[in-house]
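Subject: Structure handover

Hello,

Here is the structure we talked about. Please open it alongside these notes.

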Amino acid sequence: MVKLYIPRDTSAIALGADQVAQRLARETEQHGEALEIVRNGSRGLCWLEPLVEVETAQGRVAYGPVASADIPALLDEGLLRGDRTHPLCLGLTAEIPYLKNQQRLTFARAGITDPLSIDDYLAHDGFKGLRKALQLSAQAIVDEVKASGLRGRGGAAFPAGIKWQTVLDARSTAAEPQKYIVCNADEGDSGTFADRLVMEADPYMLIEGMCIAGLAVGATQGYIYLRSEYPLAERILNEAIERATQAGYLGDDILGSGRRFHLEVRVGAGAYICGEETSLLESLEGKRGLVRAKPPLPAIVGLFGQPTVVNNVLTLAAIPFILAEGGQAYADYGMGRSRGTLAFQLAGNLQRGGLVELAFGASLSELLNEFGGGSASGRPLRAVQVGGPLGAYMPQSQWDTPLDYEAFSAVGAVLGHGGIVAFDERVDMLQQARFAMAFCVAESCGKCTPCRIGSTRGVEVIDRIIAATDETSQRNNLILLNDLCDTMEQGSLCAMGGMTPNPVRSALRHFSDDFHRQSNLSASPAAGEKEYA
Amino acid sequence: MSHVSDQDLDSIQGIIEQHKMRPGALLPILHKIQGCLGYIPLQAIPLMAIGLQQSRAEIRGVISFYHHFRTTPPGRHQLQICRAEACQARGARELEQHAQSKLGISYHQTSADQAFSLDAAYCLGNCACGPTVRIDNDIVGRVDPARFDQLIDQLAALHAEPTQELN
């Protein structure tokens with residue numbers, strides 16, 4: 001029987017994968033051909049979605065991007081045999097350079113397996129890490145994670161092993177001692193979708209990673225805090241947790257070891273700030289997502305006041321490999337203090353947007369050009385924002401910076417979670433700076449003044465710069481903006497207010513032409529200025 | 001305040017009873033109520049306050065904190081347009097202007113015929129294939145103004161047909 005793969009993935013479905021699957025099933029049925037359609041995860045080659053693959057003796061042959069209307073012609077030209085004459089044929093999937101040139105550790109299975117099939121997961125090294133962890137002491141698991149050099153993949157890059165050690169060493173103060181593993185799946189940053197890909201393409205890897213974390217620190221309850229914007233990931237995760245529990249990988253007696261770990265998905269409610277770990281914990285407790293002052297660290301006083309590991313999806317997803325292959329195998333990738341691989345996400349105005357997992361150390365321009373293929377619009381790229389809406393805008397002169405936490409930091413940028421959003425020459429950086437402030441207005445939790453009020457004043461000051469009709473007023477407002485950025489950076493309680501100045505200042509520093517448009521400076525009265533007075 | 005039937009109040013009470021013992025129960029309860037009725041009627045607040053032993057102000061404070069929760073009934077279709085940077089780089093700023101004029105409403109509004117509610121989203125996770133729109137539970141990628149019109153017209157036609165038959 002012919003086996004076809006059509007992703008059940010948000011991006012693929014957003015581009016018509018369901019219609020493609022339905023039409024293929026219908027057309028082949030009419031021709032009386034037996035067909036098995038597997039709804040796999042996405043390979044992460046987003047620009048080729050929906051990517052249809054057919055299994056052949058040589059390996060899987062890919063076609064994409066396939067529209068439902070292409071199907072009759074594709075079938076006529078031997079899609080089911082893997083014939084390669086149709087222009088949409090991409091040859092063997094594994095040979096597509098975009099995929100072949102990656103170093104996939106975390107995403108090794110993505111798109112290959114049926115996300116919900118435990119058999120598929122086991123056939124591709126699944127649960128090897130968990131079996132290994134069950135043989136080890138808690139301290140030995142933590143030591144393995146320390147040896148890997150893994151740092152938090154959510155953006156802050158804090159060493160995961162040290163966080164785990166803190167929770168392992170912390171004593172629960174509850175009447176019935178309890179510690180928690182919380183997975184931060186509130187992937188709110190624009191330009192990031194790697195967490196979603198993990199959850200939709202390989203959910204058992206996350207489950208396995210969380211279970212190992214539980215064994216490592218002595219936690220028996222885990223929560224995945226998932227954003228409400230990911231309805232498909234919610235369905236897939238819940239189904240996977242159900243199946244994993246039935247198969248004995250979760251529950252009261254993990255694989256007959258007598259060890260316990262329970263897992264539950266909790267859905268957020270559209271608040272960006274809940275991606276900040278202490279706000280997330282408040283939200284999990286059923287409260288407004290107000291940021292907590294630190295210390296105490298969540299590792300010591302976390303969820304419901306108990307010691308809690310809060311890790312990003314990709315941090316936890318890296319754990320099964322580290323346990324299965326050893327921390328050193330992971331640490332062998334990377335450069336400097338950035339060990340292992342990072343899942344770069346190419347987004348925005350790029351011809352070939354998608355997921356690129358690479359060891360740290362490549363350059364941004366390699367990603368933009370060799371993988372991304374330059375702009376989608378055909379116009380020159382002008383600005384690239386790395387690390388989400390709180391990351392800096394980088395001009396072309398910085399695109400040779402090695403992809404490494406410290407190297408980015410040295411040029412005043414943020415590597416963060418590796419989300420990369422490219423803009424072509426039409427971008428107005430003054431508007432992007434304004435948007436950064438406006439976003440902070442919309443999403444600030446409101447607890448601290450520099451973030452809550454500072455962002456509102458930031459929008460106003462930028463509006464006055466836009467409206468300025470004489471150079472003095474413009475200069476004064478730019479000074480004021482800079483001052484405001486200082487206050488937000490130094491006085492905010494968390495990264496929301498503290499990092500909002502990153503996009504604003506980098507836009508000012510590297511794209512100052514957009515802030516000094518002579519066309520603004522006509523002889524008319526200074527409307528914005530008067531309003532202010 | 002919109003009318004809430006006794007049956008709806010019973011469903012709300014049922015949801016509260018079923019979930020109130022879960023740790024951090026309020027968000028799951030709010031999700032269930034909104035999932036069931038499309039919004040959280042203000043009449044549900046005292047019921048939750050009693051069930052969870054919290055003040056009405058606390059419950060209301062939580063509802064108002066989160067963009068996702070609404071206290072008025074939505075239109076038949078809920079639209080969200082992604083306003084975040086990756087979609088901006090692909091034309092989302094033009095799309096949101098277009099969408100608002102096409103529907104004749106701004107963000108956080110529902111059209112007069114109750115057909116559409118429009119809201120902004122800051123990232124729907126389809127960042128490589130924007131601009132992105134969410135229609136109810138479906139995410140749609142590469143939505144330019146023409147595609148947006150097509151999607152809206154399809155939905156409008158869906159509801160127009162039965163009326164025509166009645167005529």
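A residue counts as buried here if 20 or more other C-beta atoms lie within 10 Å of its own, with C-beta atoms placed from the backbone. Bear in mind that this is a predicted model.

Start with helix α15 of chain A, residues 364-371. Its buried residues are Leu364(A), Leu367(A), Leu368(A) and Phe371(A). Viewed down the axis of α15(A), they fall within an arc of 120 degrees, so they line one face of the helix. Their packing partners in chain A are α4 (97-100), β12, β13 (354-359), β14 (381-386) and β16. After α15(A) comes Gly373(A), with a positive phi near 70 degrees.

Next, the sheet. In chain A, 5 strands make an open sheet, ordered β2-β1-β3-β4-β5, with mixed pairing. From one strand to the next, the twist averages 25 degrees. Strand β4(A), residues 59-63, runs antiparallel to β5(A), and 3 bridges join them. Ala62(A) is opposite Gly91(A) of β5(A). Helix α2(A), residues 17-30, lies across β1 (2-5), β2 and β3 (52-56) of chain A. It runs at about 175 degrees to β2(A).

Last, the interface. Contacts link 46 residues of chain A with 34 residues of chain B. On the chain A side, α1 (10-14), β8 (262-267), α12 (277-284), β12 (341-348) and β16 (419-424) each supply at least two residues. By class, that side has 21 nonpolar, 17 polar and 8 charged residues.

Best wishes

Methods:
Residues numbered from 1 in each chain as written. Chains lettered and ligands numbered in written order. Predicted model: local features only at pLDDT ≥ 70, side-chain atom pairs only at ≥ 80, totals over all residues. Contact = placed C-beta atoms within 7 Å. Helix = DSSP H or I, 4+ residues; strand = E, 2+ residues; numbered from the N terminus. Nonpolar A, V, L, I, M, F, W, Y, C, P; charged D, E, K, R; others polar. Pairing = 2+ DSSP bridges. Axes fitted to C-alpha atoms, helices over the stretch in contact; angles between N-to-C directions. Buried ≥ 20, exposed ≤ 12 C-beta atoms within 10 Å, placed from the backbone. Arc of directions from axis to C-beta.
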